[in-house]
Amino acid sequence: MTEIKINNNNYLRDRHKDFFDFLNTSKYGVSFFSIEGSKIGLVPNVYFSAPDNPAEKIYLNSRINPEKEMERIIGAELKKNCGLSPVFAEFLGGYETAAFGALKQSKNFRAVYIVLFPELFKQIIEKFDISFLREYDISFIFGESIRQLQSLLFRLDFNREEYKIIVPQNLIKAIRMLKPEFEVLAEFFEGLSTKKNYKDKFKDLIEKNVEQNKKFINKNNGIIQLKKNPLKKIGALIGAGPSVDDYIEDIKKHKDILTIIAVDAALPIMEKKGIKPDFTISVDPQEHCLKFFQNGDYGETILIFSPYSFYKIIERYTGGKYYFISTNHPVLDELKNELDCDFNSELGGGASVSIYALDFLIRLGFEKIVFTGQDFGFTNGLTYSKHSYYYDSLYKKLNKYDSIETDYYRLIIEKSAIKSRGVYTLHNLKNYMFEFERYLEINKNIEFFNMNRNGLKVKDSKNINSVLEIE
């Protein structure tokens, strides 16, 4: 036994006896992980081989300089918030004591390691000295089963703002490839990452939009006021996915029995077909959403917006406009008490405008809801309707002489796509679909109908080809 391993075992036996026993009594199968010393610094390079292609190396951390990568994360993301505790999803080992030293001054500093691959940890402690962790308040989360890990993670309660979650670049991919039974954890870390990225990317923009939109928000124009309006027989949600091209004429033909809400990206589609929806909804805070509203008079259509929707859309919209408050929003939750609003005008929707639109129809009280343009994947090799702004802009940008269905989408499918229920999709789209289905599952008193003959089938909905099929 090497001196490094002896030191590491002594440290773990002294400070983390339960974890030490777990490592030495648990049985592991074949390990797809390998580690090698970095050419720069002390942090090891960690990679795994894809089961279906052992020659392919997929690195968990930076291949070039993992030590600098970790210094950057700890320094940039934690040093300025010394009250936060770092939580490392997976243990890569070898972090310089100086990196933690900068945080040690924090009164409550402690670090948590979530060990999902103990076979990797056992390799690390054979080659890399981790005994320097004696100086710090460290804890390990580990377990044989998904149930054990979930229970421990639940107790930690990551929704509290005291933690900073650090997830290696390809950890989610490793879980899905090597431990598919841990899929729920892959989704958990993906959700944390999405929330973090959203907050980091959009916080300043959202704050600006909320400030500009305050003048359009008062107690009397929340969406709860719209429940007083008479409703037609069926609620209809129109998205901008490719399936809408197959059914837009049927929607137009039977509009007299439909109350239609179109997501903002679907407005150009509706305009080209001469349809004025009853409602449209715009949620995203970015300026590009303004392009959805440039080509028509939407005076007969009521705009549903969020306090953080791009403010120029709200300023320029000439029709009726009603706001909603997002439930559990990573940025708005910190700002909404500054608003003179009606908190009963609440919608859930997460990161998808379509889910906000669906929840809106549910809260209006419809017993039957039909949707189209909700593909959650690549229907016929496309992600958007051929009448959408997204399709037009991508076509002009990428395919001057060829059809947009060719190289661009083929590249996405080859590099990033997965198959779900027999249809190519992306992880984020699949997650949107699961969230969409959750609303259908918890509203069993409502009948849901999906107009999409080629795309992903949505659970708890009935596939139809015409509005006339709705009884």
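Tutor: Start with two helices: H2 and H5 are roughly perpendicular to each other. Keep in mind that this is a predicted model.

Student: What makes H2 and H5 roughly perpendicular?

Tutor: Their axes cross at roughly 100°. Angles of 65 to 115 degrees count as roughly perpendicular, so the term applies to H2 and H5. The axes come within 10 Å.

Student: Which residues meet there, from H2 and from H5?

Tutor: Phe 19, Phe 22 and Leu 23 come from H2. Pro 118, Phe 121 and Lys 122 come from H5. By class, that contact has five nonpolar residues, no polar ones and one charged.

Student: Which residues of H1 and H2 meet?

Tutor: Asn 9, Leu 12, Arg 13 and Arg 15 in H1 meet Lys 17, Phe 19, Phe 20 and Leu 23 in H2. They divide into four nonpolar, one polar and three charged.

Student: Why is Ser 49 called buried?

Tutor: Its relative accessible area is 14%. Buried means under 20%, so Ser 49 qualifies. Ser 49 sits in strand E2 (residues 45-50). Beyond its sequence neighbours up to four places away, Ser 49 touches Phe 32, Pro 54, Glu 56 and Leu 178.

Student: Why is Asp 137 called partly exposed?

Tutor: Asp 137 has a relative accessible area of 45%. Exposed needs over 50%, and buried needs under 20%. The value lies in between, so Asp 137 is partly exposed. Asp 137 lies in the loop between helix H5 and strand E6.

Student: How far apart are Asp 137 and Ala 111 in sequence and in space?

Tutor: They are 26 residues apart in sequence and 6.4 Å apart in space, C-alpha to C-alpha.

Student: What makes strand E4 mostly covered?

Tutor: Five of its five residues are buried. Ser 85, Val 87 and Ala 89 point one way, while Pro 86 and Phe 88 point the other way.

Student: How do you know which strands pair with E4?

Tutor: Count bridges: pairing needs at least two. Four join E4 to E7, in parallel. Three join E4 to E5, also in the parallel sense. Phe 88 stands opposite Ile 166 in E7, and Val 87 has Val 112 as its bridge partner in E5.

Notes
Residues are numbered from 1 along each chain as its sequence is written. This is a predicted model: local features need pLDDT of at least 70, side-chain atom pairs count only at pLDDT 80 or more; totals for chains, interfaces and linings use all residues. Side-chain values use heavy atoms; hydrogens and water are left out. Contact means heavy atoms within 4.5 Å. Ala, Val, Leu, Ile, Met, Phe, Trp, Tyr, Cys and Pro count as nonpolar, Asp, Glu, Lys and Arg as charged, and the others, Gly among them, as polar. Buried means under 20% relative accessible area, exposed over 50%, partly exposed in between (1.4 Å probe, protein chains only). Axes are lines fitted to C-alpha atoms, for helices over the stretch in contact, and angles run from 0 to 180 degrees between N-to-C directions. Angles under 35 degrees count as roughly parallel, over 145 as roughly antiparallel, 65 to 115 as roughly perpendicular and the rest as oblique.
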